[in-house]
Amino acid sequence: MLAQIVAVLCVIGLAIGQILFKLSATSLSQTGSFFAFKTAATLLTAMLLYAVTSVAWVWVLQKVELGKVYPLMALAFVLVPLGSYIILGERFQAQYFQGVALIVIGIIVAVR
């Protein structure tokens, strides 16, 4: 059970990392430099988060078969756009949400 919780936390961490990568890309567009404080700090935070979640994922894979926890990674297809909507103000069409619903149904079927 702990491994599954850590797996979900890994997915959340990766989703947050994606939002941070987008924020760093936006900052890079504005500043034109990787060395601008905002750009560098955001990018390094995203990379550090990816590093931590990668190590945690390896720990999860010691405990659980890949085929049993990997479907949880599909949650990123839900969390990243949700985060981009909340944090970045991005908009999506109705068909996108239909696709997300199918992904969630697929995750439920796969992990049972």
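Is Phe92 buried, exposed or partly exposed, and what is its relative accessible area? In this predicted model, Phe92 is partly exposed, with a relative accessible area of 28%; buried here means under 20% relative accessible area, exposed means over 50%, and partly exposed lies in between, using a 1.4 Å probe and protein chains only. Local features were considered at pLDDT of at least 70 and side-chain atom pairs at pLDDT 80 or more, whereas totals for chains, interfaces and linings use all residues of the predicted model. Residues are numbered from 1 along each chain as its sequence is written, and side-chain values rest on heavy atoms, with hydrogens and water left out.

Rings of Phe, Tyr and Trp (its six-membered ring) were paired if their centres lie within 6.5 Å, with planes under 30 degrees apart counted as stacked, over 60 as edge-to-face and the rest as tilted. By this rule there are four aromatic pairs. One of them joins Phe92 to Tyr96 in a stacked arrangement, at 4.6 Å centre to centre and with 25° between the planes. Tyr96 is partly exposed as well, with a relative accessible area of 25%. The rings of Tyr96 and Phe97 have centres 5.6 Å apart and planes at 85°, so this pair is edge-to-face. Phe97 has a relative accessible area of 48% and is therefore partly exposed. Through these ring pairs, Phe92, Tyr96 and Phe97 are linked into a cluster.

Attention now turns to the nonpolar interior. A nonpolar core is a set of buried Ala, Val, Leu, Ile, Met, Phe, Trp, Tyr and Cys residues joined through side-chain atoms within 4.5 Å. The largest such core holds 14 residues, of which Ala7, Trp57, Val60, Val69 and Met73 touch the most other members. Helix 1 and helix 2 (37-63) each supply at least two residues of this core, helices being DSSP runs of H or I with at least four residues, numbered from the N terminus. The largest share, six residues, comes from helix 1. With residues up to four places away in sequence not counted, Val69 touches Trp57, Val60, Leu61 and Val64.

Beyond its neighbours within four places in sequence, Ile19 is in contact (heavy atoms within 4.5 Å) with Val80, Gly83, Ser84 and Ile87.
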